[in-house]
Each structure stands twice: as C-alpha cells, then as structure tokens.
Amino acid sequence: MRKILFTVFCISLIWACQPKTDEVDYTALSDEERLELAIEMAHNTIIVDGHMDLPFRMYNMGHDMRGEVFDFMSRSDAGNIDYVRAREGGVDAPFMAIYIPAAYQETGGAKGLADTLIMMVERMVDTWPDKLALARSPEEIEANFKKGLLSLPMGIENAAAIEDDLSNIEYFYNKGIRYMTLTHGKDNLVGDSSYDDAETHGGLSDFGKEVVLEMNRLGMIVDVSHITDKTFFDVAEVSKAPIVATHSSVRNFTPGFERNVSDEIIQKLAEKNGMVMITFGGSFLDQAYSDANTAIRTHIQEWLRENNLSYRDEAAQAYIREYAADKRPVVHVSKVVDHIDHVVNLVGIDYVGLGSDFDGVGDTLPEGLKDASMYPNIIAELLKRGYSKDDIEKICYKNFFRVWKDVEKVAGK
C-alpha cells in the first residue's frame, strides 16, 4: 500500500509540474493505482452530471413542502445520491430533474408540480447553505466548487410543465431552470416522444418550434433526450443554439431503441456544437440486459395482475427482488466507457459527457456504478483506456460548460 501511495504522490507531482501536453502513461499502472489517481482526480475536477431524478423521488416519499425537509445530508441505502455519497464520488453539479410525468398532460397540474419540485430543491439549499447552493451558470458552479459547495442546477424534464403558454418558459428560466427536455413518455404539445408510437405531430409541432426559439432567446438549453428521430432533426433545423441529449446513450449498442441516440444524431449534435451525456441504466447500455429486463417486466406485470397487487406492495417488492435477482446479465461500469468510446471515435472528444439518470432507472445500474460515490470508477476505466487528464476534464465538465456558454452567447448573455 505504501508503494501505491508513493506512486500516486509521484504522479501527482508530475501532474502539477509538467506541461499539460506531457501525459503520464496511465495504462502502465495497476488497476489499484489507477483507482487511487481517479479518486484524487474526481475530487480535484468539477464533475457535472446532466440528469438526476432526486426531486421526484423525494416527492413520491412525501417530502414536498410539508413537514420536515428530506434528509439529504445523511448517507442512505435508498436511492442513488445523498450529500455523503456525492462528496465521496466527487460529483459537483448534479442537475436536479424537475420531472413531469406524462399523465399530467391529461389531468392538468403540470406547472404546479414543477413549481413544487423547484421549491423542494430550493428548500434543501436554504436548509444547508453551508453545504449546498443553486447554480444558474457555469461561473456559479465554478464559484461554488471553490467554496466547497455542492451545486444543484435544475432542468425541467418534459415541456408539459409550460402547458400551452410560451411565457412559462421565461417564468421557469427566472426560477433557475437551465435546460428543458422537450418530451417524456408520451407525445405532448411540443413534439413526439420516442416512447410513443402515435406520431401525433410527425416531429416537432408548430408550437414546439416556437418553444425552441424562445429557449434560444432566453439561453435555456434544448434537451433532445426522449424525442423521436424526426423530432430531433426538426429541432436541429430550428435551433440557433447548440442542443444536448442530457441523459441518453448510444443506439449502436441497443439497435432499434429510439430512446438512445443514433450515429446520425450524434453527428448532427457535433455539427451543432452540442453533445450527448451518457446515461447509466443497464437497458440503455446493453442489448442483452435490455432483453432480459423486458422479459422480467412482462412476467412481473402478469404476476401482479394474477395476485391483485401493485408494485408498491411489500409482498410484490419481495417477489420482484427474488425473481429478478439472477435473470439479468452483469453489466459493468466499463460499458459506460464503451459508449463514451463510440462517441469519441465517431465525432471526437469534445461532444460527450455524463448524464447518469440516477434515481430514475431503478435497480438497473451497472456493477461499479450503483450510486454517486462511484464516479471514480468511470475515471479509472478512462485512464485504463488511455484517455488523458485533459480528455477526462472535457468529459466531466468542460464540454458541457462550452455548450452552455455557447447557448448563452446565442441569447446575447
């Protein structure tokens, strides 16, 4: 162990003293040495994550604006992020997803739910101002990082939140929302969802075109995760600013899964100076895992019907855990890096980042990437494959900051 620590110390000195163009051969180190370096790097580099569903998980647990604030400070065995695990993993700016389920498009109340979720994030920041801070720009994230604060930037998932009122985009921008995912599980007023076969608009609607241009005007990032290919290319044609898939993976590994991005979409994102932020769910990363997960879900739905139970029933949860325990292939953190490799080989290092979808993909996360404490495992795998320190900084935050600043430039900010 002393030898490993000495090696880490020496390489740290090399990082500090050598010009950035001179890189250590990380591939020559042992796995243990690389992980030590990855942990150090994670804590000394800003890590932005494009999408986490913590606010809606809190809401489902009953932690809205009533009663005690959600205990974000203590380590938890539930969910994928809390303050302790975030600090261990070195993540500095996890985007809090203000998620609006598609059902609200029919029942109403989408804007009200969005307001509640935003206030819940604000409430956490107000409760622990010595640990947490909101962030509305790259500069604010950098300032928070220097102060040792965990930034909680926000993005809306599902433009149903604006209902049918274009002015609500500015309303949410003023509340700190800095990106908006155009659809979620069903087609909405803006455009068509990759999870919906209806093709209501045949792509981006006329209202959707106005939405994209208004987002451009304000400096709000257009998030193209969840939309159909046709909707994506319509957005790419309309948008004057770079566009981002904040939590999508590469369709090359999951043929036919439109929720992931195709090579043509990745190339268009790069052409627009945007990026794709790789998500961690096993079904997004690996076709065999996706097939097994679909079979498990089909069986469980039938079993629930036969037994007159819901997913939330304790008996159902116990059965699901036992039934699904050994029926999925193992997916490792290395698969996330396979997806990063694919983007880099296709369009270059400048167009890829991380968008975990923590608290949004259930128990489908890869080995070595089960929660927010485990980002160093991604960095260690990148080092193993020969990525440089500069490359990793681009993946962790520099690419996203470039895109964000370009979006602001289009808006004249």
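**A walk through the model, from a glycine onwards**

Just after helix α7, Gly-148 adopts a positive phi of about 80°. Keep in mind as we go that this is a predicted model.

Helix α7 spans residues 138-147, and its buried residues are Pro-138, Ile-141 and Asn-144. Why do these three sit on the same side of α7? They cover an arc of only 125° around the axis, and that places them on the same side of the helix. If you now turn to the face of α7 directed away from the buried side, you will find the exposed residues Lys-146 and Lys-147.

Strand β2 leads us on to its partner, β1. These two strands run parallel and are joined by 3 bridges. Within this pairing, Val-48 stands opposite Ala-93 of β2.

Next, look for Ala-38, which belongs to helix α2 (residues 31-44). Is Ala-38 buried or exposed? Its relative accessible area is 0%, and because buried means under 20%, Ala-38 counts as buried. Leaving aside residues up to four places away in sequence, Ala-38 touches Pro-376, Ile-379, Ala-380 and Leu-383. For a sense of scale, pick out Met-215, which is 177 residues from Ala-38 along the chain: the C-alpha atoms of the two are separated by 37 Å.

Our last stop is a pair of helices. In general, two packed helices are described by the angle between their axes and the distance between the axes. For helix α13 (residues 287-306) and helix α14 (residues 314-324), the axes come within 11 Å and cross at roughly 150°. The crossing of α13 past α14 is right-handed. On the α13 side, the contact is made by Ile-296, His-299, Ile-300, Trp-303 and Leu-304, while α14 brings Ala-315, Ala-316, Tyr-319, Ile-320, Tyr-323 and Ala-324. Sorted by class, this contact between α13 and α14 holds 10 nonpolar residues, 1 polar residue and no charged ones.

Definitions and conventions: Residues are numbered from 1 along each chain as its sequence is written. This is a predicted model: local features need pLDDT of at least 70, side-chain atom pairs count only at pLDDT 80 or more; totals for chains, interfaces and linings use all residues. Side-chain values use heavy atoms; hydrogens and water are left out. Axes are lines fitted to C-alpha atoms, for helices over the stretch in contact, and angles run from 0 to 180 degrees between N-to-C directions. Helices (H or I, at least four residues) and strands (E, at least two) are DSSP runs, numbered from the N terminus. A crossing is left-handed if the near helix is turned anticlockwise from the far one by less than a right angle, and right-handed if clockwise. Contact means heavy atoms within 4.5 Å. Ala, Val, Leu, Ile, Met, Phe, Trp, Tyr, Cys and Pro count as nonpolar, Asp, Glu, Lys and Arg as charged, and the others, Gly among them, as polar. Buried means under 20% relative accessible area, exposed over 50%, partly exposed in between (1.4 Å probe, protein chains only). The arc is that of the directions from the helix axis to the C-beta atoms. Two strands pair if DSSP finds at least two bridges between them.
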